Amino acid sequence: MKVRTRFAPSPTGKVHIGNIRVAIYNWLFARHNGGEFVLRVEDTDIERSTPEAIQAMLDAMDWLGFDIDGEHLYQTTRQQAHLEAAEMLLEKGLAYKEDKGGTGQGECVIFKMPGTDVTFVDGIKGKMTKKAENMQDFVIVRSNGTPVFHLANVLDDVEQGITHVIRGDDHVENTFRHIALYEALGAEVPHFAHLPMIVNRQGKPYSKRDGDAFVGDFREKGFSADALFNYLALLGWSPGDDREVMSREEMIEAFTLERCQSSPAQFDMKKLTWMNGEYLQQLPADAFEALALDELAKAGIEADAAYKKSVIALIRERVKNVTEIAPMTGCFFSDEYEYDEKGVRKKLQKDGVADTLAQVKSILGSLEVFDEASTDKALHGFVEESGLGFGAVMAPVRLAVSGMQSGPELFPMLGVLGRERVLKRIDRTIDLFLK
RNA sequence: GACCCCUUCGUCUAGUGGCCUAGGACUCCAGGUUUUCAUCCUGGCAACACGGGUUCGAGUCCCGUAGGGGUCGCCA
């Protein structure tokens, strides 16, 4: 039988990374087995399942590059079928009506547990058993006539032909009940696998307070979808060798449930950041350029196209996250950059620096051609003649033309900035700090 | 409290009875490269929760203990 897995989110707001990780594992499992991966929108909570929330969820899936098979199933369209199934269970005596707890709200439909132990083999945790005496009957249709999650979920999984239900740890208890439901319904029981949860820095499950755990937040923070996908896939699963940065094809090829961890994993922003940098560095030069150009546009930076490209090439190797690009290149596009205070104190405001900068300015001003090679040669010459150390000359120059203590290599930077800017900035620096 | 589950470096993990004086990655630290910062290279710190078994031999199997998590809704 063809493997078919599903992702069944209730679109009640933002998509949590814990949920998306479950989707990733479902997707990897399906693809590894040449099967299908479908989506079901559990939108029965009318209050919170707004069109916007549904769209946000779909956007997140799309951004992460999920290819979803077939049509999406919206649970609200299935209510009739759910109710008919409940009716059938009632007729067969597998469920009964009762005003549970005597609330006066009217009668609800309650599923009768079969009175036998329930056992299943979890794809991750192994054999799981629950004794009959530890399980209770449960409501499947509310007294207001609407189906409850358990009924809807099971029926829809049957409808969609789901062969493997891979979901969060928090569903383990439900699974015992669901299996009883499948059997009462005369449906084939699928395989189950329960993934442990992701926990926060304190080792606790994510709560609303951990506002940084939504897919959209990572997107806004400049993480690449591929890096996030890869990182999340590795949070609780490993290919069994030392590979970490992996393509989707490699992950699909290596993925098995047996290799999934059965204990919770802690989310580590530092490692995600590292991985994001790896993905950025792996990018072909033109792809990186396009990305960077986009960032500059977002920051409202306008400049000559060729100039922008040469600036981008300068910072290419140092970027770990696209959001660093605009701040890092600020001094190339505007004279209004800030000076690093500490750098000014340590490198600029020292005896002789004014004189050094004046000499550098005159040397650079008299160059026939002004580019990386010529500035390199001229300033090295000056360092030797003057007997000053490299640092004593280069650090003030860097600070003068960029305001920063660190940054791209100095000579390429001078070449890109061009003579006019460089000379003007040296002048200004002397005026600002050395008079 | 009852029921279910989990437990290898700070973190993610490899490990399916001998290849483990426990390997990799992130982080951190030191050194090298670099005019500077970053990159890069080299090295370092750092773990089998605890206690009993089983076995010639246990991180690996069994039993306890401790700690952690999940569930116990006419939520999903």
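Predicted model: local features only at pLDDT ≥ 70, side-chain atom pairs only at ≥ 80, totals over all residues.
The crossing of helix 14 and helix 15 is right-handed. On the side of helix 14 the contact consists of Gln359, Val360, Ile363 and Leu364, which meet Thr375, Ala378, Leu379 and Phe382 of helix 15. By class, six nonpolar and two polar residues take part in this contact of helix 14 with helix 15, and no charged ones.

The crossing of helix 16 and helix 17 is left-handed. Helix 16 contributes Met394, Val397, Arg398, Val401 and Ser402 to the contact, and helix 17 contributes Leu410, Met413, Leu414 and Leu417. Seven of these residues are nonpolar, one is polar and one is charged.

Both helices of this second pair also take part in the surface near RNA strand B. RNA strand B is surrounded by 56 residues, of which Phe149, Ser263, Met394, Ser406 and Leu410 are the closest. Two or more residues of this surface come from each of strand 7 (126–130), helix 5 (172–185), strand 12 (265–266), helix 9 (269–282), helix 16 (390–402) and helix 17 (410–417). Helix 16 gives the most, with four residues. By class, the surface near RNA strand B comprises 16 nonpolar, 19 polar and 21 charged residues. Met394 and Leu410, both among the closest residues to RNA strand B, also belong to the contact between helix 16 and helix 17.

Strand 7, which gives residues to the surface near RNA strand B, is paired with strand 6 (residues 118–122). The two strands run antiparallel and are joined by five bridges. Aspartate 122 has glycine 126 of strand 7 as its bridge partner. A hairpin of three residues connects strand 6 to strand 7.

Two open sheets of three strands were also identified. In one of them the strand order is 4-5-8 and the pairing is antiparallel. Strand 4 (95–98) and strand 8 (138–141) each have a single partner strand and stand at the edges, so one side of each has no neighbour in the sheet. From one strand to the next, the twist averages 45 degrees. Strand 5 (residues 108–111) is joined to strand 8 by three bridges, and these two strands run antiparallel. Phenylalanine 111 has phenylalanine 138 as its bridge partner in strand 8.

The other open sheet has the order 1-2-3, with parallel pairing. Its edges are strand 1 (4–7) and strand 3 (73–74), each with a single partner strand, so one side of each is left without a neighbour in the sheet. Strand 1 and strand 2 (residues 36–41) run parallel and are joined by four bridges. Within this pair, arginine 6 stands opposite valine 38 of strand 2.

Notes. Residues numbered from 1 in each chain as written. Chains lettered and ligands numbered in written order. Pairing = 2+ DSSP bridges. Axes fitted to C-alpha atoms, helices over the stretch in contact; angles between N-to-C directions. Near = placed C-beta within 6 Å. Nonpolar A, V, L, I, M, F, W, Y, C, P; charged D, E, K, R; others polar. Left-handed = near helix turned anticlockwise from the far one by under 90°. Contact = placed C-beta atoms within 7 Å.
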